Amino acid sequence: MPELPEVETIRSQLRKLIVGKKIIRVDVGLPRMVKLPLDKFRKIVIGAEIKKVDRRAKILIFELSNGWSILIHLKLSGRLIFRRKDESLKDEDKKWNHLIYYFSDGSRIFHNDLRQFGYVKLIETEKLADFFQKEKLGPEPLERNFTFNDFLVILKRKPKAKIKQFLMDQQNIAGIGNIYSDEILFLAGVHPLRKIADLKPEEIKKIFEGMKKILSEAIKLQGSSVDLYLTALGEEGEYVPRLKVYGKEGEKCEKCGGVIKRIKIGGRSAHFCPKCQKL
Ligand SMILES: [Zn+2]
C-alpha cells in the first residue's frame, strides 16, 4: 500500500506537471470508485483548473479553481500516472485503468487500481478542514511543528497499545503503514509487540528520530515499489534496496547476522530481528 513517502512523491511530481492546467474531459470506467453521482462529478470537474496539489496523510488533494477539491485515496494498489500529449502509452498505463483525466494541453492522468479499494471524492475546499477533522487523522510526522513532545503526548493516550499497531493507526499519526513502521522499529531497536507504557524514554526518542529520518529518506528516493506502487511518471521508487526488515523474512539481519522473522499482529504482518529487537 502506498504510504506517506509514496503519496508525497506522487504529489510533488504532479504539482509540477498539472498545476494551472484545465481538465477538459474525464472518462470513468469504474463508477463505484467515484463517491458521488457521475454527472455531478463531471459537471464540477470538467472546465475547472488545477490550482494546487496537496496531501494529507495518504490522501491526495487536487484543489480546483471553482471552490471544489478532488480527494484521491490510492488505498492498497492505486496508481496515478501522468503522460504528456505526445508520450506513448505503456502497458502499465492501460492496465486496471478506471479513470482518465484529460487536460487542455493534451496531457492525461491515468488512475489505475488492481484491487479497486481506492476512492475519488469531491469536497468543497473550504470544508476540507472539517472533513479531515471528522476522519480524526493524527498529525503529519514530517511537519516541523510536530515535535518530540507532541509525540509523547499522543503516545500517552494509548499506554496499552502495541507500538507497531500504534504507529500504523492513522488516528495517532498520519501516513505510516506496514513498510515504514517495520523499518522505523528496526532502526530504533524496538520489538513491534512492545507495549507503549513499557518503552524507555531513550527508545521513544529513537522511534521519533527514526520516523523522521526514514520517511524523509524514502521521499528522497521516491518511495518503495514493493508491490504495485509506481511514481506519477510510471517509474519504480528506489527505496527498496534500503529496506532492512520489511519483506525479508528468513534473510540475515544486516546489524547482527541473526535471522529476520515475520509475525502476525491484528491481521497485518510485522518483520523484525529477534536479536536486535527484544521483547
Ligand atoms: Zn539483528
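**Ground rules.** I'm working on a predicted model, where local features need pLDDT of at least 70, side-chain atom pairs count only at pLDDT 80 or more, and totals for chains, interfaces and linings use all residues. Residue numbers run from 1 along each chain as its sequence is written, and side-chain values use heavy atoms, with hydrogens and water left out.

**Zinc.** I looked up which protein atoms hold the zinc ion, and found SG of Cys-253, Cys-256, Cys-273 and Cys-276, lying 2.2 to 2.4 Å from it. My donor rule takes N, O and S atoms within 2.8 Å of the metal (3.2 Å for Na, K and Ca); water is not among the atoms, so sites may look incomplete. In sequence I read the donor spacing as C-x2-C-x16-C-x2-C.

Next I checked the geometry. The four donor atoms subtend angles of 101 to 114 degrees around the zinc ion, so I noted the arrangement as tetrahedral (four donors, all angles between 85 and 135 degrees).

Cys-253 comes out buried at 4%, while Cys-256 is partly exposed at 32%.

**Aromatic pairs.** I paired rings of Phe, Tyr and Trp (its six-membered ring) if their centres lie within 6.5 Å; planes under 30 degrees apart are stacked, over 60 edge-to-face, and the rest tilted. That gave me seven aromatic pairs. One of them is Phe-131 with Phe-132: the centres are 5.3 Å apart and the planes at 75 degrees, so I logged it as edge-to-face. Phe-131 is buried at 14% relative accessible area, and Phe-132 is buried at 10%.

I then looked at Tyr-180 and Tyr-239, a tilted pair with 5.9 Å centre to centre and 50 degrees between the planes. Tyr-180 is in helix α7 (residues 178-188) and Tyr-239 in the loop between α8 (201-220) and β9 (261-265), so the pair ties together parts 59 residues apart in sequence. For the labels, helices (H or I, at least four residues) and strands (E, at least two) are DSSP runs numbered from the N terminus. Tyr-180 is buried at 0% relative accessibility, and Tyr-239 is buried at 2%.

I also found one aromatic cluster formed by Phe-146, Phe-148, Phe-151 and Phe-208.

**Charges over rings.** My test wants NZ of Lys or CZ of Arg within 6 Å of the ring centre and within 35 degrees of the ring normal. Lys-205 lies over the face of Phe-148, 4.4 Å from the ring centre; Phe-148 is also in the cluster above. The charged end of Arg-25 sits over the ring of Tyr-102, at 4.2 Å from its centre.

Technical notes. Tetrahedral: all angles 85-135°; square planar, octahedral: opposite > 155°, others 65-115°. Buried < 20%, exposed > 50% of the residue type's maximum accessible area, 1.4 Å probe, protein only.
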